[in-house]
Amino acid sequence: MTRQSVAAVARPTQQAGRSSTGAQAQLLRTGMDVLHDTDPELAALLDAEVSQQNSILAMIASASIADPSVLAVGGAALSNVTAEGYPGARYHPGAQQFDHVENLAVERAKRLFGARYANVQAHSCSSANLAVLSALMRPGDTLLGLDLDAGGHLTHGSRASVTGRHYNAVSYGLDESGRIDFARLEDLVLEHRPRVLIAGASAYPRTIDFARFRALADTVGAYLLADISHIAGLVATGRHPSPVDVAHITTTSTYKQLAGPRGGLILSGREYDTPGPDGRTPLFRLMQRAVFPQSQGTPSPASIAAKARAFAVAAEPAFQETARLIVLNARALAAELSSLGYRVLTGGTDNHMVLIDTTGLGLTGVTAERALEECGILANRNRIPGDTKPPLVTSGLRLGTNILAQRGMGPEQMRECAHLLHTVLAGTGLLSDTEYRIDPALVTTVREEVRWLCARHPLSIDTTTAGAPVSLIGVGT
Ligand SMILES: Cc1ncc(COP(=O)(O)O)c(C=O)c1O
């Protein structure tokens with residue numbers, strides 16, 4: 001690998017006429033130089049990843065592109081600090097900067113979501129959920145969450161997760177239209193009297209009525225946990241009703257729609273000092289303990305710094321525009337796919353997600369996923385209600401518009417994307433549940449069109465395209 005590519009990576013700041021001379025910036029540059037000189041194999045893989053992200057159409061609903069500044073902060077020397085505990089109450093010395101950084105991250109998270117309490121130490125949303133549940137429930141207590149097959153998450157009570165084994169997990173599902181079946185949910189709440197009710201999903205394209213969930217939780221004195229992992233960006237920008245003051249606790253990943261580093265976040269609003277199950281310890285105190293020392297050891301200081309940076313980016317007007325495009329684009333994509341004859345689950349979408357049934361074209365979810373990937377389009381297989389195929393095969397696809405919106409694409413480009421999807425899927429033949437056949441000439445044509453579309457709508461991490469945005473998300477064109 002040559003120094004040329006190092007120079008290319010450093011270009012955004014130079015493009016803006018700012019060559020940062022701070023100690024951290026120099027360290028990052030030195031680090032990249034050393035990596036390229038001493039470990040070209042790894043450096044080449046990392047460079048290839050940047051090129052790939054820039055030149056493919058990523059429609060993974062759980063993904064976003066982190067701003068270059070977020071990525072840089074994640075590689076900060078702050079990572080070398082080992083300090084268990086919380087700001088001002090660490091179990092190791094030397095955490096002065098880290099204390100300030102963590103306080104900054106907490107304050108920014110609270111401001112972004114209008115929360116009264118935030119814990120930024122959770123290493124992921126899964127760990128956040130496990131910590132919250134362990135603070136509110138004893139083993140054997142009843143947990144009520146959306147069924148995995150209906151779009152719920154593993155940590156909402158699936159047997160494949162400890163949440164389905166340590167707790168008495170009961171699940172609710174969807175009605176015939178593919179929406180949350182509140183009538184059945186009410187029956188389940190009254191019958192099982194859960195200790196915790198979870199509202200949130202990994203594959204659900206419609207608005208979640210958190211207030212309705214809360215009313216049901218209140219009928220039996222359950223705690224409501226809102227998991228906004230997928231929709232946190234829409235919640236932060238007011239494009240989806242916020243659960244922060246409605247639920248007792250809200251959790252999210254920071255790398256999905258928030259476009260931050262890999263990590264989790266725990267929030268609480270009005271209920272932050274409501275007593276926990278012991279009738280006296282306030283929820284915020286329970287949450288602090290639940291993360292450290294009950295379920296995690298040392299926090300990840302550079303990740304927390306990157307969260308602080310991501311929360312600042314998410315508070316900027318450009319992020320508002322991205323959120324607007326995310327929803328607009330998902331609607332346009334769903335409408336175009338419907339007009340091309342696809343069965344779009346629930347008939348459309350309210351958020352960033354479009355779920356389609358691939359069986360109309362005689363494909364399984366996994367063959368559709370693989371054929372699209374071969375053509376430079378990423379979307380992942382997804383089980384659909386009543387699916388007869390196993391989770392590794394499935395009968396559907398989950399599409400997301402986060403990254404398309406970050407490219408600055410709008411409804412017009414969604415029509416192009418829908419036609420590219422259709423060209424690939426209609427040109428794919430099924431050989432078995434997991435194998436397919438596609439004309440190599442078609443692959444070449446679509447790959448070229450995808451590359452051209454991406455070049456016209458560059459990402460913030462694209463340092464090769466003339467006029468590429470420097471650091472703001474969502475200003476691609
Ligand atoms: C609703 C929901 N909750 C939690 C998670 C877990 O998030 P993480 O990857 O941060 O552990 C996911 C991830 O896909 C999710 O969709």
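## The annotated lysine

UniProt, in an unreviewed entry, places the feature "modified residue: N6-(pyridoxal phosphate)lysine" at Lys 256. The model described here is predicted. In it, Lys 256 sits in the loop between strand S9 (249–253) and strand S10 (264–268).

Is Lys 256 buried or exposed? Lys 256 is buried, because 25 other C-beta atoms lie within 10 Å and the cut-off for burial is 20 or more. Residues up to four places away in sequence are set aside for its contacts. What remains is a set from two parts of the chain: Lys 256 touches Ser 62, Ala 63 and Ser 64, and also Ser 229, His 230 and Ala 232.

## The annotated binding site

The unreviewed UniProt entry also carries the feature "binding site". The record places it at Leu 148, Gly 152, His 153 and Leu 154. Two of these residues are described here.

Gly 152 belongs to the loop between strand S5 (142–146) and helix H7 (162–166). Gly 152 counts as buried because it has 23 C-beta neighbours inside 10 Å. Which residues does Gly 152 contact, leaving aside its neighbours within four places in sequence? They are Gly 145, Leu 146, Asp 147, Ser 171, Ala 201 and Ser 202.

His 153 is also in the loop between S5 and H7. With 23 other C-beta atoms within 10 Å, His 153 is buried. Its contacts, leaving aside neighbours within four places in sequence, are Ser 202 and Asp 227.

Ser 126 lies in helix H6. Along the chain, Ser 126 and His 153 are 27 residues apart. Their C-alpha atoms are separated by 9.1 Å. Ser 126 counts as partly exposed, because it has 18 C-beta neighbours inside 10 Å. His 153, by the count of 23, is buried.

## Helix H6 against helix H11

Helix H6 (residues 125–136) packs with helix H11 (residues 283–291). The angle is about 125 degrees, and the axes are 9 Å apart. That angle makes H6 oblique to H11. The crossing of H6 past H11 is right-handed.

Which residues make the contact? H6 supplies Ala 131, Val 132, Ser 134 and Ala 135. H11 supplies Leu 286, Met 287, Ala 290 and Val 291. By class, the contact of H6 with H11 has seven nonpolar residues, one polar and no charged.

## Helix H14 against helix H16

Helix H14 (residues 365–374) and helix H16 (residues 411–426) form another crossing. Their axes come within 9 Å and cross at roughly 115 degrees. H14 and H16 are therefore roughly perpendicular to each other, since 65 to 115 degrees is the range for that class. H14 passes H16 in a right-handed crossing.

On the H14 side, the residues are Ala 368, Ala 371 and Leu 372. They meet Leu 421, Val 424 and Leu 425 in H16. The contact of H14 with H16 has six nonpolar residues, no polar and no charged.

## Backbone exceptions

Most residues other than glycine have a negative phi, and most peptide bonds are trans.

Phe 292 and Pro 293 are joined by a cis peptide bond, with omega about 10 degrees. Pro 293 lies in the loop between H11 and helix H12 (301–314).

The others are positive phi values. Arg 193 has a phi near 45 degrees and is not a glycine. Arg 193 is in the loop between helix H8 (182–192) and strand S7 (196–200). With 13 other C-beta atoms within 10 Å, Arg 193 is partly exposed.

Thr 394, also a residue other than glycine, has a positive phi of about 65 degrees. Its place is the loop between strand S14 (380–382) and strand S15 (396–400). Is Thr 394 buried or exposed? Thr 394 is buried, because 26 other C-beta atoms lie within 10 Å.

Technical notes. Residues numbered from 1 in each chain as written. Predicted model: local features only at pLDDT ≥ 70, side-chain atom pairs only at ≥ 80, totals over all residues. UniProt positions renumbered as here; feature names shortened; annotations may be inferred. Helix = DSSP H or I, 4+ residues; strand = E, 2+ residues; numbered from the N terminus. Buried ≥ 20, exposed ≤ 12 C-beta atoms within 10 Å, placed from the backbone. Contact = placed C-beta atoms within 7 Å. Axes fitted to C-alpha atoms, helices over the stretch in contact; angles between N-to-C directions. Parallel < 35°, antiparallel > 145°, perpendicular 65-115°, else oblique. Left-handed = near helix turned anticlockwise from the far one by under 90°. Nonpolar A, V, L, I, M, F, W, Y, C, P; charged D, E, K, R; others polar.
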